[in-house]
Amino acid sequence: MVRFLLGVTTVVAMLVAGPATAMAQNGPGFGFSAGVLDVEDGPEVLELGCEYRFGPWKLGLEPHIGLGMTSDLATFLYLGLWRAFPIAAHWRLTPSLAVSLFSKGNGPDLGHPIEFRSGLVISRTIGSGAEIGVGIYHLSNGGLNEVNPGANSLLIRWLLPTRRR
């Protein structure tokens, strides 16, 4: 229930934020990430990812699609929405929500092939609209199955815009 409420709160915050967030939109770009994935009662494993961000859509939301893979060959393909909020000069806070297709590879069973990915990134704009940041993510099947250990990621993220600002 706490996860559900956190998800609803994130969506509401993403939708009702004021027009000041317009300056936080990046436009289209490619993102890359590296870090660790930690599953409850399991070992930490290396996680690498890439994504494409489509740029502004509606209500300040920006769609993205991505692929992640771990060192134990677990993979997940996700599609979701994110929204960047300026918090200081050159700094942004970006919550995101996505639905993903998950394959466990040689890793632990997360309980269902459909997993929900929620996250929060703090990043800094560096030259020509590129960003570097740190993100935390949670991957869970949201109760679609009784087995639902969830997984948490801590990642370094790098975003390169497809056009200069």
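**View A. The hairpin of strand 5 and strand 6.** Strand 5 and strand 6 form a hairpin with 2 residues between them, and His90 in the turn has a positive phi of about 70 degrees. Strands here are DSSP runs of E of at least two residues, numbered from the N terminus. Opposite Pro86 stands Arg92 of strand 6.

The model is predicted: local features need pLDDT of at least 70, side-chain atom pairs count only at pLDDT 80 or more, and totals for chains, interfaces and linings use all residues. Residues are numbered from 1 along each chain as its sequence is written, and side-chain values use heavy atoms, with hydrogens and water left out.

**View B. The aromatic pair of Phe32 and Trp158.** The whole structure holds 4 aromatic pairs (ring centres of Phe, Tyr or the six-membered ring of Trp within 6.5 Å; planes under 30 degrees apart are stacked, over 60 edge-to-face, the rest tilted). Phe32 and Trp158 form a tilted one, at 6.4 Å centre to centre and 50 degrees between the planes. Phe32 belongs to strand 1 (residues 29-39) and Trp158 to strand 9 (residues 151-161), so the pair ties together parts 126 residues apart in sequence. Phe32 is partly exposed at 37% relative accessibility, and Trp158 is partly exposed at 42% (buried is under 20%, exposed over 50%, partly exposed in between; 1.4 Å probe, protein chains only).

**View C. Arg117 over the face of Tyr78 and of Tyr137.** Arg117 lies 4.4 Å from the ring centre of Tyr78 and 3.9 Å from that of Tyr137. A charge sits over a ring if NZ of Lys or CZ of Arg is within 6 Å of the ring centre and within 35 degrees of the ring normal.

Methods:
Two strands pair if DSSP finds at least two bridges between them. Helices (H or I, at least four residues) and strands (E, at least two) are DSSP runs, numbered from the N terminus.
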